[in-house]
Amino acid sequence: MILDARGLRCPLPIIRLAAVATGLGPGDRVEVWWTDVAARHDIPAWARMRGHRVVETTELDEGWATTVEIGP
């Protein structure tokens, strides 16, 4: 699943990610597209606190993409 949070300022990408994650199960993945540089640190911190895992972060033509794997 892709969550396009480009153009949103933190904490909105995290709020949207949290909302999407509640409907997913262990092992599901969400790719978050973002442009606010604060998300580089906020997404991994949120994932750690919730028991999820950041798989990778890559650069897009416009912004970045971070893939989060939902934990148990």
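**Entry 1: aromatic rings.** I began by looking for paired aromatic rings in this predicted model, and the count came to one aromatic pair. The two partners are W34 and W64, whose rings are stacked, with 4.8 Å from centre to centre and 25 degrees between their planes. I then looked up where the partners sit, and noted that the pair links distant parts of the chain, since W34 belongs to strand β2 (residues 29-34) and W64 to strand β4 (residues 64-69), 30 residues apart.

**Entry 2: the surroundings of the pair.** Is W34 buried or exposed? I found a relative accessible area of 1% for W34, and because buried means under 20%, W34 counts as buried. For W64 I noted a charged neighbour, as R40 lies over the face of the W64 ring, at 5.1 Å from the ring centre.

**Entry 3: the sheet.** In what order do the strands of the sheet stand? I read the order as β1-β2-β4-β3, four strands that form an open sheet with mixed pairing. At the edges I found β1 (2-4) and β3 (53-59), each of which has a single partner strand, so one side of each is left without a neighbour in the sheet. Ignoring direction, I noted that neighbouring strands are turned by 20 degrees against each other on average. Between β2 and β4, which run antiparallel, I recorded six bridges, and I saw that W33 stands opposite A65 in β4.

**Entry 4: the helices.** I turned to helix α1 (residues 12-21), which packs on the sheet and touches β1, β2 and β4, with its direction at about 150 degrees to that of β1. Helix α2 (residues 39-50) also packs on the sheet, where I found it touching β2, β3 and β4, and its direction makes about 5 degrees with that of β4.

Definitions and conventions: Residues are numbered from 1 along each chain as its sequence is written. This is a predicted model: local features need pLDDT of at least 70, side-chain atom pairs count only at pLDDT 80 or more; totals for chains, interfaces and linings use all residues. Side-chain values use heavy atoms; hydrogens and water are left out. Rings of Phe, Tyr and Trp (its six-membered ring) pair if their centres lie within 6.5 Å; planes under 30 degrees apart count as stacked, over 60 as edge-to-face and the rest as tilted. Helices (H or I, at least four residues) and strands (E, at least two) are DSSP runs, numbered from the N terminus. Buried means under 20% relative accessible area, exposed over 50%, partly exposed in between (1.4 Å probe, protein chains only). A charge sits over a ring if NZ of Lys or CZ of Arg is within 6 Å of the ring centre and within 35 degrees of the ring normal. Two strands pair if DSSP finds at least two bridges between them. Axes are lines fitted to C-alpha atoms, for helices over the stretch in contact, and angles run from 0 to 180 degrees between N-to-C directions. Contact means heavy atoms within 4.5 Å.
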